[in-house]
Each structure stands twice: as C-alpha cells, then as structure tokens.
Amino acid sequence: MKDGGVSDDQEITELLGDGIAEELRKSVHAVADALPGNYRFNTVDLSYETRKKGARHLYDEAVAPMHRTGIGLKYPTATVDESPNAVLRKLLKFSVIHRPISTIPGIKTNFTGKIDLDIVRVATGGTYDDPGQMLGDYAAVSLRVVDRKTCEQAAQYAFSIAMRDRKSLTSSSKFTIQRVTDGLFEDIVDEVSREVQYSGQIEHRRELFDALLAKLVMNPEPFQVVLVLNEYGDFLSDLASGLVGSLGLGASVSLWFDDKGRVSVAMFDATHGTAPDIAGQDKANPTAILLAFSMLLAHIGDTGPAEAIRAGLFDCMDEGETTGDLGGPRGTESFTQALIARVQNRLEKSK
Ligand code: NAD
C-alpha cells in the first residue's frame with residue numbers, strides 16, 4: 001500500500017559486491033532509514049568470496065526476488081573469473097540501459113555549458129556481442145548485430161521518457177556509412193516516432209554520431225534525450241560524465257521488458273567499480289549509489305523521497321560537503337550524516 005507517494009512496505013533486493021560495496025550499503029541503509037517510507041532490504045551476497053565457492057545458485061537467488069518485485073539495487077562487484085554484470089545482463093535479459101547525466105552544482109568542470117541529458121542505450125548487440133575472429137594472419141573480423149525488437153524497446157522507452165519529461169529526442173548513429181545496420185536502427189526510431197501517442201508531440205531529430213559529440217561539447221543544451229546503439233552509448237556516457245566533472249558520480253538502470261513492452265525488471269547501480277584502493281577506509285563516495293537508489297524510488301512511485309535524496313546530494317555538493325575524491329573534508333559516514341540532515345530538510349520543506 002502506498003500513501004502519498006511513499007511505500008509503507010517495499011521489498012528491495014540488493015546485490016552485495018566487493019571492495020567499497022559494504023560501506024556503500026551502510027550509507028544507503030542509513031539514508032533509507034531516515035525516509036518516511038518503509039523499505040525492507042533483501043540482501044544477496046554476490047561478493048567474490050561467496051562467488052568463488054562455486055555457488056552458481058547464487059545468481060538464481062539474486063534473480064528470483066527481482067523477478068517477483070521487479071526491482072534491484074546492485075553494488076559494484078569485482079570482475080575476476082567472470083563478470084557478474086555480464087551474467088546478470090544475460091539472466092535478466094536486459095535490453096536497454098538508461099543513464100541520466102546532469103550538471104552538478106558545486107562540482108568544478110572544464111566546461112561552462114549546462115547538461116541535462118538522458119542517454120538511452122541499446123544494451124546488447126552492435127559489435128560488443130562478438131569478440132571477432134582472425135581471417136588468416138592478416139585481418140580480423142567481427143559481426144555487427146542490430147536487433148529489431150531490442151531497438152524497438154529502446155525507442156519506445158526513450159520516447160516515453162521524452163513524453164513524460166517534455167523533452168526533445170535525438171537519435172544518433174552513423175547512418176550514412178553503416179547504411180544497413182544503423183539505417184535499420186534509424187528506421188525503427190522513425191516508426192516509433194510516428195506512433196499515434198508520440199506523433200506531433202515530441203521533437204525528434206537525427207544526428208550523425210561524430211557530429212553529435214562535437215555539438216555536445218560546444219553547446220549541449222539542445223540535447224535532452226539521446227537514443228543510441230550499444231557501443232555509441234558506451235562512448236557517449238563517459239564523454240557526458242566527463243563534461244559534468246566526474247566519471248564517478250554516474251548512476252544507471254538496466255531494463256528488461258515483457259512481451260507487451262512494459263518494464264518487468266529494473267536493476268539500478270552506480271557506474272563506478274569496487275575501488276579496492278580505498279576499500280574499508282571510510283573514503284568511498286556514496287553519491288552514485290545514492291543517485292541509483294533515488295532512481296529506484298522514483299521508479300516505484302516514491303517520488304518525494306527520491307527527489308529529497310537527489311536534491312539533498314546536490315545541496316551537499318553545492319555547500320562543499322563532499323568526500324575526499326571531490327576535495328571535500330568528509331568520510332563516507334560523516335558525508336552520509338550531512339546528507340541525511342539535508343534530505344530531512346528537503347522533506348520538511350515539501351510538506
Ligand atoms: P574503479 O571505478 O573501482 O576505481 C577507479 C578509481 O576511482 C579508483 O582510484 C577508485 O578509488 C576511484 N573510485 C571509484 N569509485 C569511487 C567512489 N565511490 N568513491 C571514491 N572513489 C572512487 O575502477 P577499477 O579500479 O578499474 O576497477 C576495480 C574493480 O571494479 C574491477 O574488478 C572491475 O572489474 C570492477 N568494476 C565493477 C563495476 C560494476 O560492478 N558495476 C564497474 C566497473 C568496474
């Protein structure tokens with residue numbers, strides 16, 4: 001049951017990882033405890049220590065409650081023998097990754113423009129699913145796959161968030177060179193843009209991907225929702241994160257859609273890794289995982305707490321209340337306490 005945008009009993013599957021994961025988890029729990037909703041965390045330990053015992057059933061244990069509840073929060077995991085991210089992507093059939101990137105008040109950048117960008121990336125295919133093979137000794141070849149259904153899901157999702165947030169949508173690829181593969185992607189985007197619910201509602205334009213990168217760096221404001229194939233999304237996400245000042249503050253969601261095109265599982269995570277060099281030292285910056293948690297709350301309709309966390313984080317940054325990686329005086333725990341005070345302030349003001 002939900003009262004005024006706050007869950008009174010919400011189960012959240014969290015996938016524990018390695019390195020700084022435990023410190024991040026403590027920070028998320030401390031913030032969750034300070035919110036008006038009631039969030040019950042169901043923890044599945046995906047740390048390497050547990051994984052190396054050969055427990056294949058661990059992944060089933062991780063996936064089953066996410067199927068049931070439709071949501072998950074994943075902490076960073078070390079890639080050793082296998083990449084847990086790749087295993088989960090397969091098991092949970094993620095086809096789309098959404099990564100919002102915006103200018104963060106108080107964070108120094110080399111760049112004066114303002115960014116408020118939603119990158120929607122086709123999560124599979126392109127050249128990334130095929131490592132390639134040698135053709136004799138003198139050349140190598142790999143297969144580039146563009147799958148109609150996955151592109152349709154990504155386009156539907158991108159148009160739906162453009163509609164919800166009243167934003168324009170840019171699709172971008174190398175459609176003049178990769179005429180068949182990128183051409184199919186752009187044709188699918190055009191088909192979706194002509195659907196009755198979007199037709200005439202959303203400004204849609206195409207950009208060649210190389211031109212898009214230059215335009216983003218010179219004048220990012222016109223770019224609001226950008227829809228791209230897998231590898232372009234990979235490059236674009238890091239470029240845009242760099243423009244707003246840190247690769248380490250990014251959060252994203254991976255999505256699985258059912259046959260009717262509805263999101264059936266959404267897994268939220270930080271884009272950084274396990275930071276083994278600072279693990280256990282109270283130095284980890286929990287901003288990215290907290291932004292991921294805020295996205296999760298917004299996804300389940302707890303919009304008040306979601307916005308209070310996001311605004312509280314931005315308040316901290318703006319006031320120089322940051323962890324050492326951003327030049328501030330705070331450790332993970334004291335940053336979390338500083339944030340909680342601001343989150344409570346925001347919740348109080350919104351009453
Ligand atoms: P990393 O992101 O863990 O660390 C790179 C640098 O950024 C380090 O100096 C680290 O201290 C710093 N850093 C990262 N996150 C930080 C945070 N929250 N607060 C403060 N500083 C932070 O990348 P890496 O060192 O290349 O990878 C370490 C491990 O993480 C590897 O095993 C890699 O496979 C894994 N990894 C996991 C994920 C994931 O689970 N989503 C993503 C990337 C890397």
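The model is predicted, so local features need pLDDT of at least 70 and side-chain atom pairs count only at pLDDT 80 or more, while totals for chains, interfaces and linings use all residues. Residues are numbered from 1 along each chain as its sequence is written, and side-chain values use heavy atoms, leaving out hydrogens and water.

Start with helix α9 (residues 287-299) and helix α10 (residues 303-318). Helices are DSSP runs of H or I, at least four residues, numbered from the N terminus. The axes of α9 and α10 are 7 Å apart, and the packing angle is about 155°. That makes α9 roughly antiparallel to α10. Axes are lines fitted to C-alpha atoms over the stretch in contact, and angles run from 0 to 180 degrees between N-to-C directions. Angles over 145 degrees count as roughly antiparallel, and those under 35 as roughly parallel. The α9 and α10 crossing is left-handed; that is, the near helix is turned anticlockwise from the far one by less than a right angle, whereas clockwise is right-handed.

Contact means heavy atoms within 4.5 Å. On α9, the contact residues include Leu290, Phe293 and Leu297. On α10, they include Ile309, Arg310 and Leu313. By class, this contact of α9 with α10 has 10 nonpolar, three polar and one charged residues.

Now take helix α1 (residues 21-33) and helix α11 (residues 332-349). Their axes come within 10 Å and cross at roughly 20°. α1 and α11 are therefore roughly parallel to each other. Their crossing is right-handed. Glu23, Ser27, Ala30 and Val31 of α1 meet Thr332, Thr336, Leu339 and Ile340 of α11.

Polar contacts pair N or O atoms within 3.5 Å. A polar backbone atom of Thr77 is 3.0 Å from a ligand oxygen atom. A backbone N or O atom of Ala275 lies 2.8 Å from an oxygen atom of the ligand. For Asn285, a backbone N or O atom lies 2.8 Å from a ligand nitrogen atom.

How values were computed:
Helix = DSSP H or I, 4+ residues; strand = E, 2+ residues; numbered from the N terminus. Parallel < 35°, antiparallel > 145°, perpendicular 65-115°, else oblique. Nonpolar A, V, L, I, M, F, W, Y, C, P; charged D, E, K, R; others polar. Polar contact = N/O pair within 3.5 Å; in protein donor to acceptor, adjacent residues only side chain to side chain.
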